[in-house]
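Here's a quick tour to go with the model on your screen. Have a look at it first, then read on.

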Amino acid sequence: AEEDSEQKSDASNEATKETTTSTDELSSMKSSLAGPPSTVMAARTTDLSAVSGLSAGDIIYALQGYSSTDSSACCAFFEAACGRLADLALITDNHTHLVELGVVQTLCDALHMHSSSKEVSLVCCKALADLSASSWTRDIIFGHGAINDLFACIKAEFDSPEVNREAFRTLVSLSDSSSQVKQVISCDLDTIIATFYLHEADSYIQVATCSILQRLSVDEICRTMMMAFPEIFDVLGSIIQANPNKRTVEMDTCSLLRNLSLEEDGDLMLRFVPFVMIAMAAHVGSMEIFENACFFLSTVGLKQSEGFGALCTEDGIKCIIHTLQNNDTSTSLLEACCLALYAAINDSGEYKKLCLSTGAIDAIICLMMVNPHKTSLLEAALTVLASLSSKKKCVAAIANAGGIGSVATSMRSNPTCSGIIRHGSRFIKNVVKTDPAFANEAVPAVVSILSCIKEQVHDQVLIEELCKSLHYLVLVSENWADRIISADGIAVIETTMKQHDSNRKIVHECDVLLQILYNIK
């Protein structure tokens, strides 16, 4: 019986050894909780170098066991332990297990407990920065309140560029997350701006600030919050000046300016026009920079047309024209180019001559023919042609390239698109003023104009403009008058006059137009 008992005891011991070995192997693989708590407690109070040999689970367990923050030994251990977690967070494959172990809450607690310790703050921010590199961790980090802890850390360590670099590195990643996260970060824009000015000479802080602002600006609510801080534009100006020809800064800045231009009335934006022109010319092959630059230029140019052309550069305009001539894949980019070109040339005779000499007219007519149903692109192209048609030489070039017929065809194909009809009728009116002989070529557009008048009943400004165009065209061309009559245009105009009997301008234009048509009929 004694022998049997000893054998069973030996077997039990062997089984325990096998189980322990198996658990240790799994622990080693996953960095899970290993070793008795007593070992961990001893390590955190006696031998700080032992931290490097502990698993992630051991470290997190030890950190969670602290209830006092008074001793210097406590800070030293937190620095070493969180530093070890930061080392583990450098490896992306470790992120899943670290998060499962509760590393985010542990780091947030450490930041909160040791907010006065630069060393602890530095390693905690570094660990969070590396963890946030995995996009799936960002909402988890946000959920643990890490953003508030980060900003508290920044404020506590305003004078430490090292800590602020790591905190900003985390914010760069977190700002590329959900709208909710972006909006919470935006609540501390004043802290971001203050930190930038405190470390304005630090190149990483410059680049990180630009990236944070760009990512926040994607969200409409964040943009509104940003507009409450006009000093953001001064920050952006400083970053641009300190980082000439740096591609990442130019890319983020063009995107940021494009987004902010949707909210700002244009006054604060004008000074960035030369920078955007230079960036565009320097990165002709970058579709992202080019598209953002063009949309920015078009938005600001339309809002602040006075003086806009003087801020544009010839090289920038040539780059826009070059893109119109050579890009046939991105309609959004072509649309942005047309709008930017219109904003640049609208009040500049010199730039209109440049369009004439560089082949811009042929490029625009070509893209209209290739994209007959892309209404937003056609509308943008027509704004350029309508502007160019104010110059006699440009009209001749447009006519020689078949542009008058192309405009009429675009109007016929898209009679319900008010923008195309509006700009098309302006173009036709300008062309006919230059040479009445061109009126016959544009006669096919009559039906589209009448259809638009019937459809856009509530757009009184548009109806007045179209009636004025018809009034002028029937005076110079009998063919226009005949086509209006044959298309039942008299009934359309009579109905329009009744519908807008309280609008004196529309009533006047319709009345004069009807008198002309009655006499011809």
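**Loops, a helix and the core**

Let's start with Asn245, which sits in the loop between α15 (231-242) and α16 (247-260). Keep in mind that this is a predicted model.

**Two residues with positive phi**
- Asn245 isn't a glycine, yet its phi is positive, at about 65°.
- With a relative accessible area of 63%, Asn245 counts as exposed.
- Asp488 is another non-glycine with a positive phi, about 60°.
- You'll find Asp488 in the loop between α30 (478-486) and α31 (489-499).
- Asp488 is partly exposed, and its relative accessible area is 49%.

**Helix α7**
- Helix α7 covers residues 118-131, and at 1.5 Å a residue its 14 residues should span 20 Å; the end C-alpha atoms are 20 Å apart, so the two agree.
- Because 10 of the 14 residues of α7 are buried, the helix is largely enclosed by the rest of the structure.
- Among the buried residues of α7 are Val120, Cys124, Cys125, Leu128 and Asp130.
- The cover over the buried residues of α7 includes α4 (72-89), α5 (95-101), α6 (103-113), α8 (138-143), α9 (146-156) and α10 (161-174).

**The largest nonpolar core**
- This core has 169 residues, and the ones touching the most other members are Leu85, Leu341 and Trp480.
- Helix α21 (residues 331-345) gives the most to this core, with 12 residues.
- Setting aside neighbours within four places in sequence, Leu85 is in contact with Ala56, Ile59, Ile60, Leu63, Leu98, Val103 and Leu107.
- In soluble globular proteins, nonpolar side chains tend to be buried together.

Methods. Residues numbered from 1 in each chain as written. Predicted model: local features only at pLDDT ≥ 70, side-chain atom pairs only at ≥ 80, totals over all residues. Heavy atoms only, no water. Helix = DSSP H or I, 4+ residues; strand = E, 2+ residues; numbered from the N terminus. Expected span 1.5 Å × (residues − 1). Buried < 20%, exposed > 50% of the residue type's maximum accessible area, 1.4 Å probe, protein only. Contact = heavy atoms within 4.5 Å. Core = buried A, V, L, I, M, F, W, Y, C linked by side-chain atoms within 4.5 Å.
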